[in-house]
Amino acid sequence: MEGKPVCSHCSGRAVYLDRESGTHLCSQHLKESVQARVLNRIIQEKPLPDKFGVAFSGGKDSTALLAVLVALKEKIPSRLIALTVDEGIGGYREETIRHARDVCSRLNVEHRIITFPDLFGLSLDDFMKNSSRKACTICGILRRRALEVLADQEGVHLLATGHNQDDHAQTTLMNAFSADIKKVFAGSGRTSQFARRIKPFAAVSEREVTLYAILSDLFIDLPECPYASDAFRGEVRRLLNRFEQEHPGSMRNLAHAEEEIRSRLKGKVQLQPLENCKVCGWSGSGEICQVCTVLKEQKNKNNSSTGQ
Amino acid sequence: MKIIFPDGHEREIASRGRTIEAIIQEQGLNPLELLVSRDGEIIPEDTIGNESDSIRLIRISHGG
């Protein structure tokens, strides 16, 4: 193996070491392995709708997801559409949006973009002026709504996100730390109003996802969001990566554990029923939804700064 | 061998017949958080390094 490990399946030049099994994969077999796991996830969603939406930020995960779905188009009969939210983050989002447009054009995928200013009247940068709230909290609330609105506008009932196995394992551990079982079931389809969400990369590691984007010639080292500061997730990520290095397979087991819990407790955990927001009518928890709460805070802030 | 780190800085490191993984770990980095490219081609981290190699480390996750 002097300097050049070879694929365990075909003796081609290896690009990847599966640390759990100790096997090597070449570019083609790595891609096929990722595609098989994604297809396995997707075919569980029956029936597949005519139109299949992908939440497409333009980052590496959603870029790789789009590339995999395009490669699988003969096995997935649905028409693909990429849905992008432009939050309005100066010095960062322009480049990722440009990359998103370029990827869709190269992959010949229909692409729709919705912007915060179009939907809420302000960009995330505007929201953050003099705000005491964390940017990621506000962005998360507004971006989720923007994606729901865009999916609704485009008639998308099934929406795939680029969350990978590492994200999944991190979230599982974070939920365990907070001991909040409700979080395990959050977003697991309590209403027919929203597009159903699936995570086709839930059994694919972040390394494999990144590698897939690189091997598809679609990876570019994009700038980091200037608001990114989820220190707790970062800590959990480092901890899990260290653990995975010493105990290969831990990440996969942890990601799988939450799915097991969800599947075994399905229907046994009583979730609070959704209500229609009294301001906008959208489904949410509580009389006033989180989006309207954020918008109201913003309005109050503007009024106090203009002395109204 | 020449190692180009994700932040762009470069360092000459003696490979001494070790794997790239061992060299990365020696630098205090977790090989699971990186991909390795040699002369523009992705290679697995258990590849044995040569003194003449130019190795680029690609960071796979951001933030936090």
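Which residues are linked with A:Arg19 in a network of salt bridges?

A: The network of salt bridges links A:Arg19, A:Arg207, B:Glu21 and B:Glu45. A salt bridge here is a Lys or Arg side-chain nitrogen within 4 Å of an Asp or Glu carboxyl oxygen.

First, the ground rules. The model is predicted, so local features need pLDDT of at least 70 and side-chain atom pairs 80 or more, while totals for chains, interfaces and linings use all residues. Residues count from 1 along each chain as written, chains are lettered from A and ligands numbered from 1 in written order, and side-chain values use heavy atoms, without hydrogens or water.

A:Arg19 bridges to B:Glu45, with the closest N and O atoms 2.5 Å apart. Three elements of chain A each give two or more residues to the side that touches chain B: β1 (14-18), α9 (206-215) and α10 (231-246). Helices (H or I, at least four residues) and strands (E, at least two) are DSSP runs numbered from the N terminus. The most comes from α10(A), with 8 residues.

Now the whole interface. Chain A puts 31 residues in contact with 25 residues of chain B; contact means heavy atoms within 4.5 Å. Between chain A and chain B there are 4 salt bridges. The two chains bury about 2500 Å² between them, and 51% of that is on carbon and sulfur atoms. That area is the accessible area (1.4 Å probe) the two parts lose on being put together, summed over both.

A:Arg207, another member of the network, sits in α9(A). This helix is largely enclosed by the rest of the structure, because 9 of its 10 residues are buried. Buried means under 20% relative accessible area, exposed over 50%, and partly exposed in between (1.4 Å probe, protein chains only). Just past the helix, A:Asp217 takes a positive phi of about 60 degrees.

A:Thr210 is also in α9 of chain A. It counts as buried because its relative accessibility is 0%. Setting aside residues up to four places away in sequence, A:Thr210 touches A:Lys60 and A:Phe219 in chain A, and B:Leu35 and B:Ile60 in chain B.

Next, what lies behind the helix? The largest nonpolar core has 42 residues. Such a core is a set of buried Ala, Val, Leu, Ile, Met, Phe, Trp, Tyr and Cys residues joined through side-chain atoms within 4.5 Å. A:Val34, A:Val38, A:Phe52, A:Leu66, A:Leu69, A:Leu80 and A:Phe201 touch the most other members. Among the elements of chain A that give two or more residues to this core are β1, α1 (27-42), α2 (60-71), β4 (79-86) and α9. The largest share, 7 residues, comes from α2(A). Beyond its neighbours within four places in sequence, A:Val38 is in contact with A:Val68, A:Leu69, A:Leu72, A:Pro200 and A:Phe201. Another core lies apart, with 31 residues, among them A:Ile81, A:Ile89, A:Met128 and A:Ala135.

Over all chains, the structure holds 26 salt bridges. Take A:Glu87, which pairs with A:Arg93 at 2.5 Å between the closest N and O atoms. Both A:Arg93 and A:Glu87 are buried. A:Glu87 also bridges to A:Arg143, at 3.8 Å between the closest N and O atoms. This pair links distant parts of the chain, 56 residues apart: A:Glu87 is in the loop between β4 and α3, and A:Arg143 is in helix α6 (residues 135-153). A:Glu87 has a relative accessible area of 3% and is buried, whereas A:Arg143 is partly exposed at 38%.

Helix α6 of chain A also holds A:Glu148 and A:Arg145, 3 residues apart, about one turn of the helix. These two form a salt bridge, the closest N and O atoms being 3.9 Å apart. A:Glu148 is buried at 11% relative accessibility, and A:Arg145 is buried at 9%.

A:Leu295 lies 38 Å from A:Arg207, C-alpha to C-alpha, and 88 residues away in sequence.
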